[in-house]
Amino acid sequence: MLKIKHLYFSYGKKEILKNIDLQLTGGIGCLLGPNGAGKSTLLKCIAGILNPKAGEIQLNKRGIEKLNFKERAKFVSYAPQEFSVNFPYTVFEIVLMGRNPHINILEGPKKEDIEETKKAIQTLKLAKFENIPFTSLSGGEKRLTLIARALSQNGQLMLFDEPTSFLDFRNQLIVLTVINKIAKRFKKLVLVSLHDPNLALSFCDKVFLLKEGTILKNGNTDEVITEENIDLLYSLKSRLVKLGNKRFIIPEKLL
Amino acid sequence: MKKFLTLYILVFIGSLFTGRLLVNPLHFSTLSKTILLDVRLPRIIIASLAGAGLSLAGLAFQNLFRNYLAGPNIVGASSGAALGAVLAILFFSFNPLYIQLSSFIFGIIAVTIAYKMSKLVGNGIVGLLLAGIAVSALFTSMVGMAKYMADPYDKLPTIVFWLLGSFSGMRWRDLLFLLLPISIGIIGIVLLRWPFNILSLGDSEAKSLGLNVNIYRKVIIVLAALSVSSATAIGGIIGWIGLVSPHIARLLVGYDNRRLVPASAFVGATLLLFCDDIARSIAATELPISVITSLIGAPLLILILARRFKYVKN
């Protein structure tokens, strides 16, 4: 269970996150909100990349914000929104780097780490790319590699910052399906940030609406994604439609 | 790694028998024994250590700055070392020990200033890059000033020759001074080869993968500064080795630092040793080492880059 209490974060004097309270007990949670709402900042605070000004972050009742980098990375896997490597490491090497928190710095990876890496690569069906430079992969393949890395890192909590950005229609579906499968199969707690409320409707159990650094609404996906809430969140006029047993939200006009 | 070791040993043995005096391996005279053991052997070992140290420092900075073009001088170590040596030549009568000491100390001072200043001009690695450029320029200008003021008949030729780098006249006692700092640098960087991979992903990534970036960055800068300063203190300014060697190593073993670090050490040692052999045997008098390393290094770099570009295009 992930529990965040009274979290504040600011860059210099600019307050980005204000009094964030968040609780995710299981399954996939989704941060939804406009650009600049603080989604990435919140994920980075949980991952330990940024230091919050105040507040508590607990994972399974254990405060993780005081842990050192290595200990924390054992519990929290993180995949960034944009991942640029300047050196063309192979897919295998990238996924292996996910093992870093479990590796003795001076000894380097052991047999066990190599095996975990292979397992993660197989789970994501990336074996045929294993020895190909990461930089030469397509956008979708890159995302899957980062998910494999998060899996090899083996955090109980997995954070994915906009895993569908820059992806085509089909690849968005592939990536979220894979994340969903991993969450179920390995019983992971997953927190993603998304831009498309319809993807949240199809894939997420819980939704947190984030605007201007505060959480507007949170709860089960069907209860939170309503015309009223989406209009408030994005300042527009939208319509919720039902097709069979699925629900979709369509933007109609700007306010 | 065996191939690298074999190649290095071959060049090592070849170097022992290269030079103005021909040594017959089957029949040693007292003179040839002295030349082999007291003149060539220490020089070979010093050139190898300096080559390995410069190459590893170059690789360390390339990983830290996430940039292929970073060289050993990027945070000012060589420029600082140059000023140290020049000051020692100016103010003391020619004494190799003073030159080495002063050069080493100034190399470390330059890096320290760059590191302290980096906090003022930018965040993390960008700040360090900018501060490094500024400090480098500052020390280089002071070297220029010192050259301008130096006695043109007595001191200036010494300064110019030192700045072009040379291993001429190296004996075992020179190694004594170099051995500790450069060994710490080389061994330290070789031990930290795994976290180099993580660091080269950038700060945020490295943190989220559980690496304490601030500590490791500091440690690596210290190790690289030790290597560069001691190599420069003993051999003078040696260009290109630190930039080219990691590129050659990459072409041979790929990008994973677990293999790349030891490979770069061997390539650097082999390359500098080879260049030094040329410097001391091709002409009747010794040539400065930097002339040879640039003469070989620059075309080699073009060759490597052309090959990589061709690979990228296809």
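These questions and answers cover the predicted model shown above, from its chain interface to its aromatic pairs and backbone angles.

In this predicted model, local features need pLDDT of at least 70 and side-chain atom pairs count only at pLDDT 80 or more, while totals for chains, interfaces and linings use all residues. Residues are numbered from 1 along each chain as its sequence is written, chains are lettered from A and ligands numbered from 1 in the order in which they are written, and side-chain values use heavy atoms, with hydrogens and water left out.

Student: What area is buried between chain A and chain B?
Tutor: Buried area is the accessible area (1.4 Å probe) that two parts lose on being put together, summed over both. Carbon and sulfur atoms give 62% of it here. On the side of chain A, Phe69(A), Phe87(A) and Ile105(A) lose the most, together 26% of what that side buries. The area between the two chains is about 2600 Å².

Student: Which residue of chain B forms a salt bridge with Arg149(A)?
Tutor: A salt bridge is a side-chain nitrogen of Lys or Arg within 4 Å of a carboxyl oxygen of Asp or Glu. The count between chain A and chain B is 2. For Arg149(A), the closest N and O atoms are 2.8 Å apart, and the partner is Glu205(B).

Student: Why does the pair of Tyr8(B) and Phe266(B) count as tilted?
Tutor: Rings of Phe, Tyr and Trp (its six-membered ring) pair if their centres lie within 6.5 Å; planes under 30 degrees apart count as stacked, over 60 as edge-to-face and the rest as tilted. Over all chains, the count comes to 8 aromatic pairs. In this one the centres are 6.3 Å apart, and it is tilted because the planes stand at 50°.

Student: How many residues apart in sequence are the parts that Tyr8(B) and Phe266(B) tie together?
Tutor: Helices (H or I, at least four residues) and strands (E, at least two) are DSSP runs, numbered from the N terminus. Tyr8(B) lies in helix H1 (residues 2-16) of chain B and Phe266(B) in helix H12 (residues 257-281), so the parts are apart by 258 residues.

Student: Is Lys125(A) buried or exposed?
Tutor: Buried means under 20% relative accessible area, exposed over 50%, partly exposed in between (1.4 Å probe, protein chains only). Lys125(A) sits in the loop between helix H4 (111-123) and H5 of chain A. Its phi is near 55°, positive in a residue other than glycine. With a relative accessible area of 64%, Lys125(A) is exposed.

Student: What is the phi of Asn154(A)?
Tutor: Asn154(A) is found in the loop between H5 and strand S7 (157-161) of chain A. The residue is partly exposed, at a relative accessible area of 37%. Asn154(A) is not a glycine, yet its phi is positive, at about 65°.
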